[in-house]
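Work through these exercises with the model open. Each task is followed by a stepwise solution.

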Amino acid sequence: PKDTVAVVFSDLTRPQPRERMLPVLLDEISHVPRDQIVLINGLGTHRANTQDELVEMLGSTILDRYRVVQHDPWDRESMVYLGTSSFGHEAWVNAEYMRASAKILTGFIEPHFFAGFSGGPKAVLPGVTGERTVLENHGAEMVAHPQATWGITEGNPIWEEMREVALMTSPTFLFNVSLNRDQQITAVFAGDLLEAHARGTDFVRATAMVSVPEPFDIVITSNSGYPLDLNLYQAVKGMSAAAQIVKQGGSIIIAAECWDGVPDHGEYRQLLDAVSSPEELLSMVNSPGFLRQDQWQVQVQAQIEMRADVYVKNSYLDEETLEQALFR
C-alpha cells in the first residue's frame with residue numbers, strides 16, 4: 001500500500017487490448033491508493049492521443065479514476081538521464097516512470113519488422129524514452145543490421161539495446177498478451193521482464209509466423225486493419241512482412257485505410273518529399289551524422305522498394321500523394 005506505481009501502456013497505433021488488461025491489473029493492485037498510481041501512455045515519438053482516443057483506448061471509468069500522463073520525448077525536463085548504453089547511446093527515460101517504486105510494463109507481443117518482436121522491453125525503449133535515445137536506437141546502422149528483422153531478438157542490436165535500457169530502469173513486472181488476427185487474446189505472459197517476454201516470443205513465433213517454400217511474384221498484404229493501418233507510415237510494417245517472401249523485382253499490394261493520412265505529424269512525409277527515388281532515400285539516411293525522426297521508416301521503405309514495386313489501396317490519399325511518397 002505504500003508503493004507508488006507506474007503502469008505503461010501502448011498508444012493508439014498498437015492494438016493492445018487495454019480495456020481488457022488494465023481493469024484486471026488495476027483490480028490486482030487495488031490495495032494501493034489511486035493517487036499513488038500513474039498510467040503512462042508509451043508514445044515513443046508518436047503524436048499524443050486525443051481525449052476521445054484515450055476514452056476509446058482506456059474507457060471513461062479508468063480515465064475518471066486514475067491520473068494518465070502522455071509521454072513527451074521532446075521535453076528533456078521530464079526525463080532522467082541513466083547513462084550510456086553499451087552501444088554508446090544516451091539513455092533518457094521518463095521521470096514519472098522512474099520515480100515510481102513499482103514499475104509495470106504492459107503491451108502485446110507480435111513479430112516486429114526491425115525489433116524482432118514487440119512487447120517486453122519496447123514498453124521502455126521507445127515507449128517512455130527521450131527523442132535522441134529513440135533516434136539513436138533506430139539509427140541507420142542499427143536498422144541496416146542483418147539481424148534487425150522479423151522474429152529475431154538475440155543478436156539483433158536494436159532489441160538488445162532495448163533490453164539493456166529497460167533493465168537499467170529496474171522494471172518490477174511485465175504483463176503482455178498475444179493476439180490472433182481478430183485481435184482476440186490467445187495467451188498471457190506475465191512476471192519477470194526477460195523470462196515472460198521470452199516465453200511470449202516463443203509462443204508467437206510458433207503461432208503467428210509460417211515458412212513458405214519459395215518467394216512469390218505478387219504478395220498481397222495489409223497492416224492488420226484498424227487501428228494499425230491508420231497511415232502510410234505504419235503501413236510500411238505490412239509492406240516489410242510482404243517483402244520477406246516476394247521475389248526480387250516482384251510486386252507488393254497493400255490495403256491500408258490511412259484515415260490519418262501520410263501523416264502530416266512527425267518527419268516521415270518531409271523525408272519522402274526531399275527525394276525522388278528509393279536510392280536517394282538510402283543515400284540520405286546513410287549520410288554521415290544524419291539523425292532525423294522517422295528516418296527508420298523511410299529506410300525500411302527504401303529497402304523494400306529496392307526489391308519490389310509497392311502498390312497501395314487506401315481510402316483517403318489521392319494518386320499524387322501516393323506517388324510523392326514513392327508508391328504506386
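**Exercise 1.** List the residues that Y97 touches, leaving out those up to four places away in sequence.

*Solution.* Contact means heavy atoms within 4.5 Å. Y97 touches A6, V8, I40, K103, L105, V124, V128, T169 and P171. A nonpolar core is a set of buried Ala, Val, Leu, Ile, Met, Phe, Trp, Tyr and Cys residues joined through side-chain atoms within 4.5 Å; buried means under 20% relative accessible area (1.4 Å probe, protein chains only). The largest such core has 71 residues, and Y97, L232, M239 and Y268 have the most contacts inside it. Helix α9 (residues 232-243) gives the most to this core, seven residues. A second, separate core has 24 residues, including V5, L12, I29 and I104.

The model is predicted: local features need pLDDT of at least 70, side-chain atom pairs need 80 or more, and totals for chains, interfaces and linings use all residues. Numbering runs from 1 along each chain as its sequence is written, and side-chain values use heavy atoms, without hydrogens and water.

**Exercise 2.** Is N94 buried or exposed, and which side chain does the side chain of N94 join in a polar contact?

*Solution.* Locate N94 in strand β5 (residues 90-94). N94 counts as buried because its relative accessibility is 3%. The side chains of N94 and H71 are joined by a polar contact of 3.0 Å. A polar atom of the N94 side chain also lies 2.9 Å from the backbone nitrogen of E96. Beyond neighbours within four places in sequence, N94 contacts I40, H71, S78, M79 and V128.

Terms used
Helix = DSSP H or I, 4+ residues; strand = E, 2+ residues; numbered from the N terminus. Buried < 20%, exposed > 50% of the residue type's maximum accessible area, 1.4 Å probe, protein only. Polar contact = N/O pair within 3.5 Å; in protein donor to acceptor, adjacent residues only side chain to side chain.
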